[in-house]
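Here is a brief report on a two-part topic: the fold elements and the chain contacts. Look at the entry first.

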Amino acid sequence: MTAPVIELRGLARTYPGPPPVPALRPADLVIGAGDYVAVTGPSGSGKSTLLHLLGLLDSPTAGSYLLDGLDTSKLPDRDRSALRGRRIGIVFQAFHLLAYRTALENVLLAELYNHTPRSTRLQAAAGALGAVGLGHRLDALPTTLSGGECQRVAIARALVNQPSLLLCDEPTGNLDSRNAASLMELLDQLNSGGLTIVIITHDAAVAAHAGRTVTISDGILSERIRAGHG
Amino acid sequence: MGRPGAGLPLPRLTVRDTAAEAIAGIVQRPGRAGLTMLGTVLGVGAFVAVLGLTATGAGQISRQFSVLEDTTVTVADNGPANDVAPPGTNPRIGFPADADVIADHIKGVVAAGVWWPVALPEGTNFSASLALSGEASQTVNLLAVSPGAVKAMVPAMVAGSPLSTYENDTAQHVAMIDTSTASALGISPARLPSHPAVFVNGIAYTVVGIYSSAQRVVSGGSAMLIPEDTALADYGNPQPGIGTQEEAQMVIATKTGAAEAVSREIAAAELPTDPHRLVVTPPPNPLKLQGEVNGDLAGLFLILALISLLIGAVGIANTTLVAVLERTGEIGVRRAVGARPRHIAGQFLAESTALGTLGGLIGTCIGVGIVVIFAAAQNWTVVLNPVYTLPAPLIGTVVGLLAGAYPALRAARTSPLAALRHA
């Protein structure tokens with residue numbers, strides 16, 4: 001058994017009312033290093049709430065979340081920021097690239113807040129873009145890139161700090177089927193390299209790429225254990 | 001690292017990176033940046049221009065306020081309190097017969113004397129001796145002058161000599177004329193030894209001297225000067241009272257810096273029994289003159305400059321706030337990749353401060369340019385106080401810093417989640 005990257009113990013999030021909305025009811029989940037987990041469920045089921053909690057963008061109202069064995073629920077904001085910057089990479093459905101910055105500058109942004117010298121940063125950013133197949137578009141502005149390319153830039157940005165966890169929020173939601181397939185291929189490759197990936201999707205085809213599928217319905221988390229895996 | 005918590009080095013943003021991000025933020029939206037800066041540019045520009053123009057103008061006043069003006073005192077005869085002269089005649093002039101000598105005894109006086117314009121009937125004609133047969137077509141002023149007054153005028157002689165004390169005391173019919181009158185009457189300086197005469201309504205005055213210009217009294221216009229006593233004998237007393245334009249006056253040339261003291265003493269020395277009859281005009285005080293210019297206009301313009309700065313601050317604050325609201329997505333992304341609230345605040349504060357500084361720099365350049373162009377057009381010397389001018393861009397910095405404070409705080413408080421949802 002590999003050491004868990006993520007361990008949720010009764011993790012819950014209730015949005016204050018009135019009336020209070022229990023977006024995520026107390027959940028337990030263990031995700032090991034190198035796991036490839038899909039979180040599925042209908043709209044409003046609590047998928048995004050779970051992703052935001054995992055990405056340390058939001059704080060739980062109950063329970064604890066251990067990242068690499070560290071209880072994040074007790075950490076002050078500065079340490080949560082440090083974890084976001086170093087251990088977690090997040091890819092959003094809407095890419096969230098800065099329109100006025102080139103692909104390279106968008107990736108550099110993720111390195112801005114850590115302690116590396118500028119020359120090292122440039123090398124790492126160019127390397128990350130090369131790894132997602134965009135080594136030739138370093139100076140392209142997002143407006144001149146296709147949706148698939150934009151999402152690859154976002155993945156390069158998420159990976160440039162070599163996180164232990166990659167969180168993807170509907171990464172293919174804004175892509176056509178060809179670009180979506182190509183992107184999933186990239187994620188499969190990254191997972192084969194040992195990266196832990198949690199992907200939120202309502203697309204069964206996307207979920208099929210993952211080794212594990214976790215379902216959320218009305219804020220309740222459940223997991224189907226597939227035959228031949230585990 | 002031996003630190004409790006995550007054990008990871010804390011996210012950090014160096015000053016250099018903050019500056020680079022701020023400049024990138026400005027350069028990416030140059031049009032907006034320009035408009036945002038406009039208020040600061042105007043405010044700082046107005047500030048620098050007002051101070052520069054005031055200093056330049058004051059410098060010019062001190063320059064124009066020449067040594068000549070600083071050493072001239074005039075005294076006018078306002079007439080006796082009770083006019084005891086017989087009807088149809090004027091009272092005796094207020095100055096005593098030895099007025100020139102009395103004035104000479106006052107410390108600081110270089111030369112002093114009495115003069116007045118002689119009132120001539122309408123249609124008075126000036127003509128030269130028959131041999132020359134010239135006639136002055138221009139208006140010639142006939143002035144009665146004491147020997148001291150001639151000295152105080154400092155005439156530049158072309159030929160002959162100035163009127164002498166002897167000529168005055170013996171009431172000789174002699175005259176000094178200026179070069180333009182001389183040429184109008186056909187009297188050339190070379191002919192002076194042959195004693196040409198000028199006839200004023202038939203009275204002949206022998207020309208003893210021709211002058212080209214004088215520093216005081218007759219500095220502009222043509223004038224024929226005759227001795228004081230000759231004028232009294234020929235035309236009687238002048239009409240007293242300031243405003244008649246014919247009253248007797250005393251012109252005093254003083255040493256530099258002595259004018260004030262001479263002004264205080266002259267009336268009592270000349271007319272101890274009735275000093276108030278004499279009205280003394282000392283030279284204007286240059287410091288006071290400067291003060292008036294500084295006080296009135298500069299105050300008004302500085303208020304205008306402050307208002308522009310305030311508008312500039314509101315402009316920067318507003319645009320930065322809009323930028324914060326517009327860039328919530330960016331804030332979310334930055335927070336997602338590890339930025340702490342202070343980094344977000346620092347970035348927006350750096351942007352507004354950089355905008356303010358840039359506006360201040362441009363404003364200072366424009367302000368200096370205005371002063372230089374204005375001074376060049378007036379042929380003045382530019383006077384700029386480096387104590388006010390050099391730190392002027394910092395006014396923009398302060399404006400940017402203050403204006404960016406609230407928007408930066410708003411940005412720092414934006415939750416990463418809300419920011420990403422908005423985008």
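This is a predicted model: local features need pLDDT of at least 70, side-chain atom pairs count only at pLDDT 80 or more; totals for chains, interfaces and linings use all residues.

**Sheet of chain A.** Four strands form an open sheet in chain A, in the order 2-1-4-5, and the pairing is antiparallel. Strand 2 and strand 5 of chain A are the edge strands, each pairing on one side only. Eight bridges join strand 1 and strand 2 of chain A in the antiparallel sense. Within strand 2 of chain A, Leu24(A) is the bridge partner of Arg13(A). Helix 1 of chain A (residues 47-54) packs on this sheet and touches strand 1, strand 2 and strand 4 of chain A. The direction of helix 1 of chain A makes about 125 degrees with that of strand 1 of chain A.

| Strand of chain A | Residues |
|---|---|
| Strand 1 | 4-15 |
| Strand 2 | 21-32 |
| Strand 4 | 62-67 |
| Strand 5 | 70-71 |

**Helix 1 of chain B.** This helix has 14 residues, 15-28. At 1.5 Å a residue it should span 20 Å, and its end C-alpha atoms are 20 Å apart, which agrees. Glu21(B), Ala22(B), Gly25(B) and Ile26(B) are buried in helix 1 of chain B. They cover an arc of only 135 degrees around the axis, so they lie on the same side of the helix. Residues three or four places apart point the same way because an α-helix has 3.6 residues a turn. Arg16(B) and Val27(B) are exposed on the other side of helix 1 of chain B.

**Interface.** Contacts link 27 residues of chain A with 25 residues of chain B. On the side of chain A that touches chain B, helix 2 of chain A (residues 77-86) gives the most, with nine residues. By class, that side of chain A has 14 nonpolar, seven polar and six charged residues.

How values were computed
Residues are numbered from 1 along each chain as its sequence is written. Chains are lettered from A and ligands numbered from 1 in the order in which they are written. Two strands pair if DSSP finds at least two bridges between them. Helices (H or I, at least four residues) and strands (E, at least two) are DSSP runs, numbered from the N terminus. Two residues are in contact if their C-beta atoms, placed from the backbone, lie within 7 Å. Axes are lines fitted to C-alpha atoms, for helices over the stretch in contact, and angles run from 0 to 180 degrees between N-to-C directions. The expected span of a helix is 1.5 Å times one less than its number of residues. A residue is buried if 20 or more other C-beta atoms lie within 10 Å of its own, exposed if 12 or fewer, and partly exposed in between; C-beta atoms are placed from the backbone. The arc is that of the directions from the helix axis to the C-beta atoms. Ala, Val, Leu, Ile, Met, Phe, Trp, Tyr, Cys and Pro count as nonpolar, Asp, Glu, Lys and Arg as charged, and the others, Gly among them, as polar.
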